Amino acid sequence: MRLLLPLLLLAPACPAAASETLSAVIAVTKDEAYRSSRVDWPRVEAEAAAVERAEGEDAAVQFVVRALGDRHTWYESPTASRPPASAATPSAALAASAAPRPIAVALPAAQGVPVLQINAWSGKDTTAAASSVRNALIASLEQSACGLVLDFSSNEGGNMWPMLTGLAPLLTEGKLGAFRDAKGAEVVIEKRDGKIYMDGVENRLNKTLSQTPARLPKFIAFAIGKRSASSGEITPIMFRGQSNVRYFGSASAGYSTANRAVPLPNGGRLVLTTSATLDRNGNEYVREIVPDVQTADPIQAAAAWINAQCRTSASR
C-alpha cells in the first residue's frame, strides 16, 4: 500500500513575518520616498526580511534605507537616537555639535563689502533665530547700499525657516521655488507683500519680523562649498534665478532634497527624503549646487564681483 504523507509535511516552511517596525519602514518608503519608483521592491522586501532574521531589526531598516540610494534619508534607532558625527548626513553632524555657532554672524568686510555668515541651526526657539538673522542683516546693510556677501560655505543645515524668513527682504516678490514629491505634486514657496508663504499658508515667523533694512543691496553673492548641506543648500536655491544674485566657491554637499521625520513603532524614527527642491524657474535639485564661479576663496571673489558690478552700475 502506498503511504501518503500529510500535506503539512509537504508544504514549504513559511518565512517569519517582518517586524512591525520593518513593515512600517517599507510601507512609508514605498509610498512617500522620492526615489521609490527606482527600487525593486519585491527583491528589497525579501532581502530585508532575510537581513532581519539574520542580523536584527536595525540592520534590516538600514538595508531598506541603503536601497533607496538617495543619500539624505537616514534611520535613528531607539538605542542610538542620533547617528554618529561621522555619518553621511549633515543633520547628524549638526546634532552632534556640542557648541553650535550663532545662526548669523557679521564677518569682517571683504574689499569694503559686508559679509554675513549664516550658520547651521536647529533648535526650539525659531522666533529668536529668525530675529537674529534679520537683525544681523539690518546691521550688515548699514555698511553698504551696493552689495552683500552671504556666506553659506559652512552651513550644514537644520531648520531652513529662520534663515529664509530672516533674509526675506533680499528676495524678489513672487514664486521662489517649490518641493516636488514622487507623484509630481508641488508645494510652492513664495514671497508676497514681503512675507514668506508655503503652499499658500503664511509662515508664522513673518509676524515676529517687523523690522526691515533701511536700504537693500543692489547685488548679492553667495559663498558655498562642500560643507553647504540640506537647508544650507535649500535656502540659497530660493535665490537661484534672481537677476542680482551670483554664487561663488565649490560644489555643495548634495543634500538639497526635503525630508520628513517619521516616528517608528520601536521608538526610533526614519528621516525620509520625500521631495526634490525646485528653484523659481523649475530647475530640480536632488544633488549639489554648482556655483557660477568656482574658486578656493569665494568671499574675496564674491566681493570683487560685487565691486565690479557696483562700479559698472554707477557709471551708467
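Predicted model: local features only at pLDDT ≥ 70, side-chain atom pairs only at ≥ 80, totals over all residues.
Local features need pLDDT of at least 70, side-chain atom pairs count only at pLDDT 80 or more, and totals for chains, interfaces and linings use all residues. Residues are numbered from 1 along each chain as its sequence is written, and side-chain values use heavy atoms, with hydrogens and water left out.

Student: How many aromatic pairs does a search of the whole structure find?
Tutor: Rings of Phe, Tyr and Trp (its six-membered ring) pair if their centres lie within 6.5 Å. With that cut-off, the number of aromatic pairs found is five.

Student: Why is the pair of F219 and W305 edge-to-face?
Tutor: Planes under 30 degrees apart count as stacked, over 60 as edge-to-face and the rest as tilted. The ring centres of F219 and W305 are 6.0 Å apart and the planes stand at 80°, so the pair is edge-to-face.

Student: Which elements hold F219 and W305?
Tutor: Helices (H or I, at least four residues) and strands (E, at least two) are DSSP runs, numbered from the N terminus. The two residues are 86 residues apart in the chain. F219 is in strand β9 (residues 219-224), and W305 is in helix α9 (residues 298-315).

Student: Is W305 buried or exposed?
Tutor: Buried means under 20% relative accessible area, exposed over 50%, partly exposed in between (1.4 Å probe, protein chains only). The relative accessibility of W305 is 13%, so W305 is buried.

Student: What kind of pair do F222 and Y247 form?
Tutor: F222 and Y247 are both buried. Their ring centres lie 5.2 Å apart with the planes at 10°, so the pair is stacked.

Student: Which residue lies over the face of Y247?
Tutor: A charge sits over a ring if NZ of Lys or CZ of Arg is within 6 Å of the ring centre and within 35 degrees of the ring normal. At 4.5 Å from the ring centre of Y247, the residue is R240.

Student: Are α2 and α3 roughly parallel or roughly antiparallel?
Tutor: Axes are lines fitted to C-alpha atoms, for helices over the stretch in contact (heavy atoms within 4.5 Å), and angles run from 0 to 180 degrees between N-to-C directions. Angles under 35 degrees count as roughly parallel, over 145 as roughly antiparallel, 65 to 115 as roughly perpendicular and the rest as oblique. The axes of α2 (residues 20-32) and α3 (residues 41-55) come within 11 Å and cross at roughly 160°. The two helices are therefore roughly antiparallel.
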